[in-house]
Amino acid sequence: MNHSTKIKLKGKLKTYMQMVLLLGILLAFVDVWIYTINVKAGIILSCFVVFYLVIGLVAYHSNRPLVVNELISFATQYGQIQRKLLRDLELPHALLDENGKVIWMNRAFAAVVQKEKGYQKSITALFSSITKDKMPIETDETEVEIAYNEREYTVRMKKIPLEGMIENSDILESDEAYSGFLIALYMFDETALHLALRENDNQSLAVGMVYIDNYDEALESVEAVRRSLLTALIERKINKYFASMDGIVKRMEKDKYFLVLKKQSLKKLQESRFELLEDVKTVNIGNEMAVTLSMGIGVGGLTYAQNYEFARTSIDLALGRGGDQAVVKSPSGFTYYGGKSQQVEKNTRVKSRVKAQALKELIMSKDRILVMGHRLPDADSFGATVGIYRIAKTLGRNVYIVMNDVTPSIEPLVEAFTSRLDKDEAAIINSAQAIEYAGANTVLVVVDVNKPSLTECPELLKSCRSIVVLDHHRQGEEVIDNATLSYVEPYASSACEMVAEVLQYVDEGIKLKSAEADCLYSGIVVDTDGFLSKTGVRTFEAAAFLRRNGADMTRVRKMFREQANDYRTKADAVSQAKIFKDAYAISICPSDGVTQPTVIGAQAANELLGITGIKASFVLTEYNQQIYISARSIDEVNVQIIMEKLGGGGHINAAGVQLKDMTIEEAVELLKDTLTKMIEEGEI
């Protein structure tokens with residue numbers, strides 16, 4: 001077929017081809033003007049114009065088909081060149097349909113995926129991480145990081161709409177609603193870049209601090225002449241351990257070390273779960289007390305100074321959680337290792353006296369005192385608030401206990417306390433009233449809790465400038481960070497024990513009413529399970545002080561007598577317990593018809609520890625559309641780190657968590673999966 005009869009030129013090329021004819025017409029107009037000047041000259045020019053136009057017309061009509069054919073030939077060759085360039089392009093490239101099916105690939109892509117030409121399966125079959133939701137269906141372009149055959153790629157996908165192409169096509173047509181598209185896929189090999197970045201990251205420095213938790217106590221347990229040897233052995237073990245990790249250790253004080261090591265070495269420490277924590281306990285030259293360490297490490301900060309701040313935060317958290325553990329802080333959060341030992345009680349009460357004087361000065365500087373514990377208050381929380389109430393009253397300040405709901409377990413205590421108040425004395429207020437009282441001239445004292453979200457009224461923490469925290473729970477990531485005075489001692493049996501000690505140093509003439517002494521004594525009794533767990537010398541000293549101030553064990557015991565139905569429910573929870581992996585008792589406590597199921601669940605967990613071979617017990621209770629888990633142990637398992645995996649916390653041998661949006665059966669399976677994983681990884 002003759003293309004010249006079907007195809008017409010247009011645009012600049014058409015104008016260029018017609019230029020000869022246009023110039024001939026211009027000469028004709030000039031010839032008319034020449035005639036007015038000289039007729040002979042006009043005749044000569046007319047002959048030339050005619051000759052010029054004839055030659056131009058012949059050339060135009062004869063050359064136009066040649067030009068068109070050459071253009072078509074060039075376009076064909078140009079398309080072939082483009083196709084060859086795409087086929088031989090070193091960048092892996094493929095075309096997908098809108099469902100992700102491969103419809104074309106170049107040689108580089110075929111070499112990467114090791115498939116022959118004509119492969120037309122889904123891209124997900126090649127790269128499992130490229131699922132349909134990661135394709136550019138809603139957006140114009142997407143990127144996905146993938147690993148394939150030990151190489152790392154950035155896959156970029158771009159949507160190519162077909163609507164405009166079909167509108168200009170002579171062989172296809174579509175309705176107005178057509179919105180089909182293709183997907184152009186490109187693979188960028190970034191293996192070398194990622195290797196370089198990882199190597200650079202591995203060589204970055206981490207900063208750490210290593211503290212000996214019980215340095216003085218360990219030295220006192222050996223003969224004087226052997227103390228220097230014990231110190232030397234501990235230091236040698238620390239230096240040798242970190243030297244093997246290509247780290248640098250420098251002793252800053254007798255029991256404190258500064259550590260610098262590469263991030264790559266830190267990963268090895270984490271993989272071994274900081275085996276130095278257990279290794280240092282083997283140092284024994286006659287010392288009755290095993291040496292324990294606390295480590296705080298900062299990594300991943302933008303500067304070395306930031307890593308140092310991370311390390312300081314980590315070591316504070318490790319000590320606040322009871323020591324004998326390592327805490328690693330990075331921009332993404334905290335990671336905990338160890339924490340298997342119960343913290344040793346300090347025999348000295350110097351810290352209590354110092355904190356008591358600081359508390360007294362703070363209370364004396366303000367006119368109003370607010371005291372609050374945690375939500376769903378128990379005997380320890382309420383007893384501690386009563387102790388602070390008595391301190392503030394003795395110092396002549398207006399004081400109020402913030403409590404929204406009186407739980408059934410503390411009703412006898414609250415009734416006994418309020419019945420001894422003066423007629424015009426309003427000791428207990430709710431959160432709304434407390435917020436009205438809050439201000440610059442108010443001290444807020446928080447007891448038995450150090451997590452803002454668990455306090456009776458979290459808004460108060462923002463409304464008061466002066467905040468005091470007294471707690472015995474091991475700290476987690478969430479802490480009251482704007483406290484003016486913080487006294488957190490995980491070794492203490494209860495908040496009531498701490499408040500009873502503070503009471504003795506605030507004012508020599510302080511006198512407790514018998515009902516107030518009962519409240520404090522009750523808190524100690526409940527948190528120690530009748531002086532069976534977490535008790536030390538100072539626990540009994542605090543109890544003796546309260547007995548001298550009128551606390552009566554008989555009255556306290558009567559207050560905590562249970563309803564018959566509650567007792568049966570607890571017995572059912574104990575009898576229905578299942579033993580998991582021969583060491584963990586798991587049971588479900590019914591909540592129907594029970595006044596306070598969470599308390600019954602905690603009591604059942606304590607009872608289950610009486611079974612031979614049980615390392616830890618877990619009782620689940622469904623209450624207020626949440627699943628409460630009470631976890632208890634004696635000394636073999638740290639239940640705090642187990643509960644922290646689920647989002648809770650607590651003590652090394654008494655912890656808990658609240659789970660939402662799941663059934664109690666799902667919670668049991670989650671608990672079992674967590675225990676299994678932690679056992680496999682050596683965490684418990």
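The text below takes strands, loop and cores in turn.

The model is predicted: local features need pLDDT of at least 70, side-chain atom pairs count only at pLDDT 80 or more, and totals for chains, interfaces and linings use all residues. Residues are numbered from 1 along each chain as its sequence is written, and side-chain values use heavy atoms, with hydrogens and water left out.

Helices (H or I, at least four residues) and strands (E, at least two) are DSSP runs numbered from the N terminus; two strands pair if DSSP finds at least two bridges between them.

Two residues separate E3 from E4 in a hairpin, and Asn149 in its turn has a positive phi of about 50°.

Asn638 sits in the loop between strand E21 (626–633) and helix H25 (639–645). Asn638 counts as buried because its relative accessibility is 4%; buried means under 20% relative accessible area, exposed over 50%, and partly exposed in between (1.4 Å probe, protein chains only). A polar atom of the Asn638 side chain lies 2.9 Å from the backbone nitrogen of Gln640.

A nonpolar core is a set of buried Ala, Val, Leu, Ile, Met, Phe, Trp, Tyr and Cys residues joined through side-chain atoms within 4.5 Å. The largest has 59 residues, of which Phe382, Ile391, Phe417, Val445 and Leu546 touch the most other members. Apart from it lies another core of 33 residues, including Val210 and Met245.

Definitions and conventions:
Polar contact = N/O pair within 3.5 Å; in protein donor to acceptor, adjacent residues only side chain to side chain.
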